[in-house]
Structures are given as C-alpha cells and as structure tokens.
Amino acid sequence: MSAHDAVPVSLAEIARIAGVGRAAVSNWRRRHDSFPTRIGGTDVSPQFSLAEVEQWLRDNGKLRDIGGRELLWPRFEALGSRNESGLAIAEAARRMRSPRARIAHPELSAQARDLVAQAAKAGREEGPRETFEFLLQRWLETHVRQLSTTPPQLAALMARIALAVRLGPAQGGLTLLDPACGTGHLVAAAVQEYDSPGLEILACERDPAQAALTAGRLEFLTEDRDIRTRIATADTLRDDPFAEAKADVALCNPPFNERDWGYEELATDQRWTHGLPPRTEPELAWVQHLLSHLKPGGAAVVVLPPAVASRKAGRRIRGSLLRTGALRAVVSLPPGSAQPHSVSLQLWILRAASDDPAAAPPSQDALLVDATRFARSGTREPSPDWDSLGSFVLTSMATLDQAGQEPPQGAVHVPLLDLLDDEVDVTPGRYTAATAEPSRKELADKWDEFGSLLTDLADHARHLSALGFEAGTPQTTTTVGDLAKAGALTLRAGQQPPDSVAPARGACVPLLTIADLLHDGSPSGVVPTGSAPAIAEEGDVVIAGVARAFKAWVHEGSPMALGPQLYILRVDAEKLEAHFLAGCLRAPANGRQAGTHASSSSRVDIRRLQVLQLPLEQQMAYAETFRRLRAFEELLTATDSSSKGLVSDMSDRLAAGGLTA
C-alpha cells in the first residue's frame with residue numbers, strides 16, 4: 001500500500017488504539033528504530049499508516065485486547081466527508097442487525113461500502129449496539145464544531161418535564177415529536193424515560209447523515225418494545241413531513257439564530273396563531289410549530305437562547321403565548337448545559353389548552369425558575385451539577401398547577417399582569433432576584449450552622465496543635481512500587497472507557513476524571529458497568545497522578561469508575577491500613593518528589609511515592625491523626641463557604657433595608 005492510499009493516524013490516535021498515553025507513544029517512536037516512519041502531517045503533528053502501526057503494535061506486544069472498534073474509527077475518518085462517514089456508520093448499524101438487508105444509501109462510495117461490511121462484521125462479533133454507539137460517539141467528537149447535540153442529562157431532564165407537565169392520559173399510547181432531532185439524543189432519552197407500552201416517535205432532521213444515525217440509534221433502543229418510529233429527512237419549517245400529526249409530547253433543541261428559516265415563503269402559514277415570527281426570531285417559529293402539533297393538554301419542552309425571553313422584536317408573540325396559557329414556565333439553565341456552553345440557555349415549557357370541559361381555566365401566572373446557581377464552581381469549562389439541577393427543576397415543576405403551593409427558593413409564580421408590561425420579559429432571574437433576600441429565621445439558622453462549624457474547627461485545632469514530634473533519625477520509608485512487589489497492595493490505573501455515551505438506566509457507575517477533581521471533586525459522568533476499566537470499591541485508596549490535581553484519599557460509598565491519570569491502590573488489610581497509606585501519599589512533598597517537575601500538568605510517578613515503614617499497630621495511630629487532619633481540612637473548606645454565604649446574605653438583607661439595630 002502506498003503512502004497515498006494508507007489510512008493516516010496521529011500519535012493521539014495510536015495512543016487510543018494501544019490504550020496508553022501519548023507520551024508513551026512518543027517514547028516508542030524515539031526508542032525503537034522499527035517504529036513506522038511518518039507518512040504525512042508535520043514534525044509537531046506527524047501522521048502514520050494505520051496498517052503499519054497495527055502490525056508494529058502486534059509484533060511488539062503493545063496492542064491491548066480491544067477488539068476492532070478502535071482500529072475501525074480511523075478508517076471511517078479517512079473517508080473525508082462528514083456526511084459519507086455518518087451515512088456509513090448508520091448503514092453499518094443496519095447491517096449489524098440484518099446482514100442481508102439491502103443497502104439504504106446507494107450513494108456511498110465503494111470504499112465506504114467495504115468499510116460498512118467490516119464494521120458490520122466487527123459489530124456482530126463484539127456487540128452491535130456497543131460498536132454502533134462507539135462509532136457514533138467518535139463521529140460526534142470529530143465533528144463537534146459542526147454539530148450541536150443535546151447532552152444526555154439535559155435530554156433526560158427535558159423528557160421528564162414534558163411527561164410530568166402534560167395533562168391527562170395518552171389515549172392508546174403516547175406520541176412523541178422531535179422536529180429537529182439531530183442524532184436522536186432527545187428521542188433516545190424519551191424512549192428510556194417512558195416505560196409504558198404504545199409509544200410512537202415522529203422525528204425529522206434536514207441533515208441526511210444525522211437522520212440516518214437517529215434511525216440507527218432507535219433501532220437498537222426499541223428492540224423488544226412496542227414502539228413505532230417514523231424518521232423523516234426534511235426542512236421541518238418549510239416542508240413539514242408530519243403536517244397532520246398531533247403529539248402528546250414534543251421535545252426540541254432547534255438551530256439558533258438562523259435568519260434563512262423561511263420568513264418570506266411562510267408569511268401566511270397557519271401555524272403562526274400567535275403572530276408572524278420576525279425574521280430575526282426563528283426560535284419563535286419553532287415554538288409555534290411545536291404548539292401546532294400538540295394534542296389538547298399536550299406538552300412541549302424546547303431549548304432556547306436567553307435573548308428570546310427579552311428581545312423587543314418578539315414581545316408581541318411572548319405576550320400572546322402568556323395570555324393564552326401556552327407558555328407555562330421558563331427555566332434558566334446553568335452555563336455548560338448544552339452548546340453553546342458559555343451561555344445560560346433556557347427551557348421553555350409549553351402546553352396546549354385542554355379540551356376537557358371539567359378542566360380548570362388557564363392559570364393566571366407563569367412559573368419562572370432560575371437554576372443558574374447549579375453551575376459547578378471552579379470550572380475551567382462550565383458544567384452543571386446535574387443531580388441537584390434535575391431535582392430542583394422537577395420539584396419546581398410539581399407546583400405548576402397547584403394553586404397556593406410555593407415553589408422552592410429560586411423559582412417563583414409570577415402573575416400575568418406583572419409579565420404583560422411594555423417589555424414582556426420572561427427572563428427568570430429578573431423576578432427570582434426580588435425574592436432572594438433571606439428571612440430572619442434563615443439568617444439565624446445560617447449563623448447557628450456557622451457557629452457549629454467554628455466549634456468543631458476549634459476542637460480539631462486544639463488536638464492537632466498539641467501533637468509532638470521527636471527529633472532525631474528520620475523514619476525508614478518504602479515506595480508504592482516496593483509495596484506492590486511485596487503484595488501489600490495492588491495497583492490499577494484508570495483509563496478512558498471505550499463507550500462514553502450514556503448507558504441505559506440502572507446499568508452504569510459514576511465516572512470520576514481529573515477534570516472533575518479540578519472542579520468540585522464530584523463525578524460528572526457515568527459509564528456502562530461492564531466497560532469501566534478500573535472501579536474503586538469502598539476502602540480503596542484513590543490517587544490523582546497529575547501535579548495540578550495531586551491528592552490521595554480513601555474511597556467511601558458506592559463503586560466509582562476512574563478515568564485516565566487516576567489510580568486505585570487496594571491494600572492487604574493485614575499489612576497496611578488504608579487511611580495511613582492515603583495520609584502518607586497525599587503529603588505535598590511526596591507529590592513534588594515523585595513528579596516530573598516539567599509543569600503543573602506533569603505526571604506523578606505513583607510507584608515512586610514514599611510510605612513510612614511502620615508495624616500495623618503504629619499505622620493505626622497515624623491513621624487516626626490523618627483522619628483528623630483530613631476532617632480539619634474539610635471543615636476549613638466548609639467554614640470558608642459558609643462565611644462567604646453569610647456575607648452575601650447579610651449584604652442582600654441590609655441592602656433591602658429594615659435594620660433595627
């Protein structure tokens with residue numbers, strides 16, 4: 001095979017195939033004269049032949065048992081065209097399920113068809129659904145700048161809201177509509193959230209590759225379930241393929257800020273019952289499109305940019321949506337909830353009027369929910385606390401039709417008369433801020449909590465400050481590597497899981513990464529249980545092996561998967577005490593000594609970390625002091641957070657007036 005015909009792979013791709021870090025591949029290249037020569041790229045970003053790399057890895061025993069998925073993806077990427085590679089993945093999904101099926105996309109090249117056959121064979125051997133989801137995820141990651149997707153956590157939240165807000169039972173099953181489905185994240189979430197029989201899915205996407213991938217995804221999700229699907233490829237606003245259909249539930253994450261949405265040709269369209277959307281307000285066209293497809297009492301949840309809530313051009317339509325009761329609630333999401341990640345997007349919750357004569361008249365207020373505070377603090381890239389966010393929003397939604405029931409703090413029922421002013425601004429923060437001042441009881445409770453923290457802090461400080469240390473010969477130490485050789489502990493390294501898409505409910509474990517540690521220390525993702533390479537159990541010592549996030553602790557609670565540069569130390573309880581080990585390892589001097597010192601992102605050599613050599617009985621005493629020191633550290637953090645909250649609350653309360661001295 002000539003260099004021109006070879007499938008190129010980068011150093012990062014080789015690292016993924018071999019299951020190692022990029023630095024390891026660079027070392028192989030320097031140390032082994034037999035390593036394949038560069039066929040393209042630059043000195044900084046060289047490219048190599050996939051076939052030559054695969055052969056070299058096999059010959060040198062460096063190809064881990066990963067099957068064919070990692071080796072498949074570079075071949076799909078080499079097709080060059082985003083559209084063709086997407087269609088080829090969708091076609092491979094069909095062939096995995098039905099080997100004799102006729103090709104659905106005859107426009108695919110001969111190279112793409114050969115690749116489809118290879119992928120279908122690999123999928124049947126290694127798991128059709130897992131192989132498809134792996135290829136789909138890699139395709140999405142490669143073209144992330146060209147595609148807008150809905151994160152699985154947000155998709156699940158939207159589905160739960162819509163199912164909770166709709167009125168009355170679905171007659172003969174539930175019909176779901178997504179008129180801009182992309183690669184099917186919203187419809188996939190709805191399939192997982194709706195457990196009853198008789199689900200019909202109507203989905204449309206103008207991009208042929210994305211529509212085909214949605215179809216492939218749904219084929220796997222709807223196996224052995226009473227679900228009917230209709231996936232159309234069309235421009236929904238201009239050429240609605242489901243013009244006569246009515247849905248119980250609609251979910252949508254439409255394209256934003258598109259001026260060429262059909263303003264001229266759709267000027268007299270019957271869907272605009274609340275007014276013709278201005279050319280600059282395509283999002284309000286999508287809102288009315290969703291409403292036109294709802295059955296009486298049906299609900300829709302749509303993702304919108306925050307400017308739609310306040311732009312002057314859309315105030316007449318917003319006013320009509322409020323007066324008719326179609327716009328029931330608006331939720332401001334934290335930045336990072338979906339693309340674009342720097343923006344605090346909104347969810348608009350819409351509902352069609354019920355045709356039940358006994359139904360209550362339209363509510364005279366709207367629910368506005370400000371959930372922006374659930375952004376995870378200290379993040380370089382914004383990321384929500386999905387568990388807390390979902391609980392808060394769903395609790396707020398439960399008060400939607402409950403007269404007199406107060407929503408939680410951060411949400412408020414606003415009378416329509418207050419909203420229907422000259423601006424008709426439905427931005428939640430504008431109304432929730434006015435109710436943010438804490439009450440006298442809330443302030444008193446916070447001062448009590450702060451006082452309790454100070455008492456505990458003083459108690460720990462008294463014990464720790466009384467400790468004495470003997471001067472003299474330094475204690476003998478050993479290393480983690482030597483302890484592992486002696487059988488006192490086992491060392492396992494975390495890895496990037498092969499399948500990073502959201503798994504089915506109940507079949508996953510939380511995934512902790514270095515990025516999570518740099519944020520707030522809580523796992524932000526989940527992975528399928530069977531695909532997690534390293535899982536920390538209760539009592540294991542976990543170490544972060546990178547200088548900027550270096551720390552060690554004893555894991556407590558349910559099992560947790562670990563990502564790259566995180567390590568598990570499982571101790572032999574007859575030789576080592578876990579808290580003693582963690583305390584020795586997390587000493588800052590220990591991390592500096594075992595680090596490479598190249599930069600704050602440099603790697604810490606876990607095997608070189610030092611541990612005191614002590615009998616098990618003495619380890620227990622050290623372990624208790626290490627526990628107290630860790631508790632002291634946690635109290636300091638909690639006290640700092642509590643004091644800042646008190647200062648903020650007191651400032652708000654003072655600024656509101658009413659000081660009595």
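The legends below describe views of a predicted model.

**Figure 1. Overall fold of the chain.** The chain holds 21 helices and 22 strands (DSSP runs numbered from the N terminus, helices being H or I of at least four residues and strands E of at least two). Its radius of gyration, taken over C-alpha atoms, is 29 Å, close to the 26 Å that the globule rule gives for 661 residues, so the chain is as compact as a globular protein of that length. The globule rule is 2.2 Å times the number of residues to the power 0.38. The C-alpha trace spans about 90 × 85 × 45 Å along its principal axes.

Figure 2. Of the 661 residues, 48% are buried (under 20% relative accessible area, 1.4 Å probe, protein chains only). Among contacts with a separation of 6 or more, 73% join residues 24 or more positions apart; contact means heavy atoms within 4.5 Å.

**Figure 3. Helix H5, residues 82–97.** The 16 residues of H5 should span 22 Å at 1.5 Å a residue, and the end C-alpha atoms are 23 Å apart, which agrees. The expected span is 1.5 Å times one less than the number of residues.

**Figure 4. Packing around H5.** Buried residues of H5 include Glu84, Leu87, Ile89, Glu91 and Met96. The buried residues of H5 pack against helices H4 (69–77), H6 (110–126), H7 (128–142) and H10 (208–221).

**Notes.** Residues are numbered from 1 along each chain as its sequence is written, and side-chain values use heavy atoms, with hydrogens and water left out. Local features need pLDDT of at least 70 and side-chain atom pairs count only at pLDDT 80 or more, while totals for chains, interfaces and linings use all residues.

Terms used
Buried means under 20% relative accessible area, exposed over 50%, partly exposed in between (1.4 Å probe, protein chains only).
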